[in-house]
Each structure stands twice: as C-alpha cells, then as structure tokens.
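Please read the points below alongside the coordinates; they concern charged side chains and strand pairing.

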Amino acid sequence: MEVTDAGGARLLFGIAESGEERLDGEAPYDIVVGDTRNVGIEYEGEPVNLADYARGSVARLTLGDNGE
C-alpha cells in the first residue's frame, strides 16, 4: 500500500499491518492498494468501494478536495 498527500509526503509505503491505521496529512491523497480483497478504506467516516477503482486486485485512487 502507498499513500501520498498533497505536499508529496509519503504517509505510508509497504505492507500495512492488520488492524486500523490512521494517517494525517493534507488532502488530496493519492492511494495505491495492492490487494483490494484484504484492504478496506474509510474516508471522512465513509467506506470507500475499492472495486470502483480496481484493475484486478490493484486499486489507484485520489481522495479529498476533488469531490470525493
């Protein structure tokens, strides 16, 4: 998984541990999820449907400040 914020800061890179992970940064966030079957994302308290962004089991999406 990789998460980068608006300033280009890499907030997360690599295999995330099982459980909850909260990240702080500045929106929008560019996100790459390498295994959508085993990852769930919430943004501003709402679940994100990774299937909407996936090609196979990899999802690439941007969240925040763009209508998301």
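1. Arginine 22 is exposed, at a relative accessible area of 70% (exposed means over 50%, buried under 20% and partly exposed in between, with a 1.4 Å probe and protein chains only). Its side chain meets that of glutamate 20 in a salt bridge with an N to O distance of 2.7 Å, where the term requires a side-chain nitrogen of Lys or Arg within 4 Å of a carboxyl oxygen of Asp or Glu; glutamate 20 also counts as exposed, at 63%.

2. This is a predicted model, in which local features need pLDDT of at least 70 and side-chain atom pairs count only at pLDDT 80 or more, while totals for chains, interfaces and linings use all residues. Residues are numbered from 1 along each chain as its sequence is written, and side-chain values use heavy atoms, with hydrogens and water left out.

3. The whole structure holds three salt bridges. In one of them, arginine 10 pairs with glutamate 2, the closest N and O atoms lying 3.5 Å apart; arginine 10 is exposed at 52%, whereas glutamate 2 is partly exposed at 24%. Aspartate 35 and arginine 37 form another, at 3.3 Å from N to O, with aspartate 35 partly exposed at 23% and arginine 37 exposed at 65%.

4. Five strands (DSSP runs of E, at least two residues) make an open antiparallel sheet in the order β2-β1-β3-β7-β6, pairing being assigned where DSSP finds at least two bridges. Both β2 (10–13) and β6 (54–55) stand at the edges with a single partner strand each, so one side of each is left without a neighbour in the sheet. Two bridges join β6 to the antiparallel β7 (residues 58–63), and arginine 55 stands opposite valine 58 in β7.

Terms used:
Helices (H or I, at least four residues) and strands (E, at least two) are DSSP runs, numbered from the N terminus.
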